[in-house]
Amino acid sequence: MSGGNERIMKALKEVWRRAENSLCADCGKPDPDWASSTLGVFICLSCSGIHRNIPSISKVKSLKMDHWDDAQVQFLAKHGNAVTKAIYEAHIPIYYYQPTYNDCHVLREQWIRAKYERREFTEPGKHLPYSDGVKEGILWKRGRDSGQFLPRKFLLSEREGSLKYFTKQDAKEPKINVKIDVINATFQPMKIGNPNGLQITYLKDNKTRNIFVYHESGKEVVDWFNAIRSVQFHYLKVAFPIASDSEIKNRLTRNFLKEGYMEKTGPKQREAFKKRWFTLDHRRLMYFKDPLDAFAKGEVFVGSRENGYSVQKGLPSGTQGNFSWHYGLTIVTPDREYLFTCETETDQLDWITAFTSVIDQAMTPQEYASKCLDAVSFPS
């Protein structure tokens, strides 16, 4: 290696080692080993693939394998993640969802395109397609009984504080009219079988109802997602005027803590264990016969340790129900014990970790109220 190359590589490593560049500029993944020579950011391999698809904006190179010239290294040194973020992330609305490396591709891609390609956050007061307080359009919705995805008109309104959908374009009355404060939305590409799949969940008579939708355009479905968060944010600002913006942000849409198959038995604990799909949505544990069911077959409230809730590895001695999976866990509540089995030890430990994270949190007044209203639990 020539002396010039050695000097350039040494300078590159010095910039790379800066604390500001230790996480991917776009998703926060530790130890990024790629960079954009035109934007000046350090990024991970996954995000570099997205950058590569917008070559008019970003040229990416490996920090380990590619050749860097002196001018490119000087550009990185002048910029880096902190300087570039200050430009491209200067005016992000507080409700806008900023994805991490654990989020799905469409969220990360649209975040990157919003920043660098559309420059949505570089100017104060810029008009954004999800900030109008109203959004109307077509989403492909899965039929509750047929399982077919059909185009349906959706209408989101901040003034009415609701989300509606209509079975026909010219329909006068909506099929559903849901208040915005009981809605959750989370991307589910694997479950729905579409890279732009979005699960919209809401409470009806204190029971969870699922709607599964997608749009052919990744930008459009992410705009819907952030429009829901925008309307929720402004609704909650009015409903809770003394709450801080960060407190309200924490009450917007949320990802499920854990999903997957387990086996369950009934309340007598003598019935055969049955394989079911489980979703842990904070303190609400639901199970479904199929992951795409519209309604949960049963739900149970998961409270805090100080209120008598706990999770234990294994099943009680003498459990009589027949089960095919052998990695058990028990949820203890003030009313009864719930018994589950997992297919693998990894699944068992992941579920225990998820339940523990909920049980270790103190309950809020709203959660106490929710528990009082929650009369549903797992049937046999």
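Q: What makes Ala25 and Glu120 count as residues that Lys115 touches?
A: Contact requires heavy atoms within 4.5 Å. Not counting residues up to four places away in sequence, Lys115 touches Ala25, Asp26, Tyr88, Glu89, Glu120 and Phe121. The model is predicted: local features need pLDDT of at least 70, side-chain atom pairs count only at pLDDT 80 or more, and totals for chains, interfaces and linings use all residues. Residues are numbered from 1 along each chain as its sequence is written, and side-chain values use heavy atoms, with hydrogens and water left out.

Q: What joins the side chains of Lys115 and Tyr116?
A: A polar contact of 3.3 Å joins them. The term denotes a pair of N or O atoms within 3.5 Å; within protein, one must be able to donate a hydrogen and the other to accept it, and residues adjacent in sequence count only if both atoms are side-chain atoms.

Q: How do you know whether H5 and H7 are roughly parallel or roughly perpendicular?
A: Helix H5 (residues 105-117) holds Lys115. H5 packs against helix H7 (residues 218-239) at an angle of about 90°, with their axes 10 Å apart. Angles of 65 to 115 degrees count as roughly perpendicular, under 35 as roughly parallel, over 145 as roughly antiparallel and the rest as oblique. H5 and H7 are therefore roughly perpendicular to each other.

Methods: Helices (H or I, at least four residues) and strands (E, at least two) are DSSP runs, numbered from the N terminus. Axes are lines fitted to C-alpha atoms, for helices over the stretch in contact, and angles run from 0 to 180 degrees between N-to-C directions.
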